[in-house]
Amino acid sequence: MKTLLSPILSINDFFATYAHALEGYDTKTMAFLYNSPCTMISDDTTTVFNDPSKLEGFFNVGAGFYRQFGIVHVRPQVWTKRDWTGKIMNVKVNWQYFDGLNAPVYDCDYQYVLKTDKHGQWKIILSVSLNEKERVDAWKKKAGL
């Protein structure tokens, strides 16, 4: 008999899957991990994606950035998990990005709201970038890019 992981434990597996997709530039899997519709928020922008193919296109741009700057390893560090209702979870993640030699490139923080779908699988419905733009800009400046 298969034992199901508790939703709180499966969040770590969810973000490990996300990181693996990022490392493989697998934008289709990345988009699959999001609910449709979903919202992405930062200080400068708010974007709602109603179409998974448009979300995948958005991720293709990001994958191009990672390829261009040699980011090949991604590590999510789940800092907090707050179970709001049993089917809705708030998660804070620190994303750490590394080059091919495992040297740190930059890290950034995100807050996510995840909700289980009709199959009981977690999907991101809200993604909030807390500091990625600032961290990327600081890294580029330091690297002379």
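Modeller: On a 1 Å grid over the protein atoms alone, a cavity is a set of points where a 1.4 Å probe fits but cannot get out, a pocket is an open set with protein on both sides within 12 Å along at least five of seven lines, and lining residues have an atom within 4 Å of a point. Grid points are joined across faces, edges and corners, and a volume is the space filled by probe spheres set on them. This is a predicted model, in which local features need pLDDT of at least 70 and side-chain atom pairs 80 or more, while totals for chains, interfaces and linings use all residues. Residues are numbered from 1 along each chain as its sequence is written, and side-chain values use heavy atoms, without hydrogens and water.

Colleague: How much space lies in the largest cavity?

Modeller: The structure holds 1 cavity of 30 Å³ or more. The space in the largest cavity is about 40 Å³.

Colleague: Which element gives the most to the lining of the largest cavity?

Modeller: The lining includes Tyr34, Asn35 and Pro52. With strands (E, at least two residues) and helices (H or I, at least four) taken as DSSP runs numbered from the N terminus, β1 (34-41) and α3 (52-68) each supply at least two lining residues. The top contributor, with 3 residues, is β1.

Colleague: Which element provides the largest share of the lining of the largest pocket?

Modeller: The largest pocket has a volume of about 860 Å³. Of its 34 lining residues, those closest to its centre are Phe58, Tyr66, Tyr110, Ser129 and Glu132. The largest share of this lining, 7 residues, comes from α3.
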